[in-house]
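Subject: Structure handover and notes

Dear colleague,

I am passing on the structure we spoke about, with the sequence alongside. Please look through it before reading my notes, which follow below.

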Amino acid sequence: MAVFQKLVRFAVGDQIHYGELLSTANEKYRIQRYEGNPFDGLQPTNEQHEVETLLCPIEHTPIIMCIGLNYHAHAQESNLPIPLYPPVFTKPADALAGPFETIQIHPDAQPQLDYEGELAVIIAQDAKNVSEEQALDYVLGYTAGNDLSARNFQLPAASGGQFCYAKSFDKFAPVGQVVVSAARVGDPQALNLVTRVNGVVKQETSTGDMIWGVRQIIAHLSRGTTLRKGTVILTGTPAGVGFFTSEFLQDGDVVEVEVEGVGMVKNRIAYL
């Protein structure tokens, strides 16, 4: 069982540490420092720090696994049939970004830049052929994520139906600001998710609307395939993405994804 409840990553001078988030007040975070890392072991220390910002809650990831079309309401707005298995695509490790980073957007990715607020799952240990019953035992914790997407590269005429390129630009997967332990969350299908653009709510749902829950996703992704520790799983986005209203992200927009009681990312979009 994880020793942490609310895991964060932060800097003190030129040193970067993991820690337990104790409190947030006056735009500052009070943190108890850990030794080690969450995948090989954490040891609490007596040191506490107060910092003004938090880094990506995991240092790196081997891969980001993504699930498409995983909310009933999103499938309805997409007017797409629900397949037998979850649609899967990936983002590379360099797509990982911190919860408050500015995301720089290449000019070719700007015309139809879209947000996708999602619940993110962090895998604690290597997993292969995991049953649905055992699946949550392999979860380090949960956080919030944004599956940024350059829709102009995702459209079938451009991509042949392959999603990866449109979603794989650097920093296109901000997560954070905290990883809440699986034990603390309990049921990942009973969480409220909200996405805001410049303070305006664009997506709001319960993760109970998922077509495939976290247990089913982990079992499916680990079938004959090793999910390495540190893998990030983005579990799909609810209805309300910009593609269906032609309200794409613009230079200077601020996108906030919050999973109630779990985590929050708030990133500014910056056109290059």
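How many helices and how many strands make up the secondary structure of the protein chain? Before I answer, please keep in mind that this is a predicted model. The secondary structure of the protein chain comes to six helices and 18 strands. The radius of gyration of the chain is 18 Å, which is close to the 19 Å that the globule rule gives for 272 residues, so the chain is as compact as a globular protein of that length. Taken along the principal axes, the box filled by the C-alpha atoms of the protein chain is roughly 55 × 45 × 30 Å.

On the division into domains, the chain falls into domain 1, residues 6–55, and domain 2, residues 64–271, and the centres of these two domains, taken over C-alpha atoms, are separated by 25 Å. Where they meet, 10 residues of domain 1 are in contact with 13 residues of domain 2. The area buried between domain 1 and domain 2 is about 940 Å², and carbon and sulfur atoms give 64% of that area. Of the area that domain 1 buries against domain 2, 55% is supplied by K6, L7 and F39, which is more than any other three residues supply.

The polar side of this interface can be described as well. Between domain 1 and domain 2 the count is one salt bridge, and across their interface there are two residue pairs in polar contact, both at pLDDT 80 or more. On the side of domain 1 that touches domain 2, strand β1 (residues 6–12) gives the most, with three residues, and the residues of that side divide into seven nonpolar, one polar and two charged. A salt bridge also joins the side chains of D40 and K229, with a distance of 2.8 Å from N to O.

Turning to the structure as a whole, it holds 14 salt bridges. One of these is formed by the side chains of D126 and R228, at 2.8 Å from N to O.

With best wishes

How values were computed. Residues numbered from 1 in each chain as written. Predicted model: local features only at pLDDT ≥ 70, side-chain atom pairs only at ≥ 80, totals over all residues. Heavy atoms only, no water. Domains from an automatic or database assignment. Contact = heavy atoms within 4.5 Å. Buried area = accessible area lost by both parts, 1.4 Å probe. Salt bridge = Lys/Arg side-chain N within 4 Å of Asp/Glu carboxyl O. Polar contact = N/O pair within 3.5 Å; in protein donor to acceptor, adjacent residues only side chain to side chain. Helix = DSSP H or I, 4+ residues; strand = E, 2+ residues; numbered from the N terminus. Nonpolar A, V, L, I, M, F, W, Y, C, P; charged D, E, K, R; others polar. Rg over C-alpha atoms; globule rule 2.2 N^0.38 Å.
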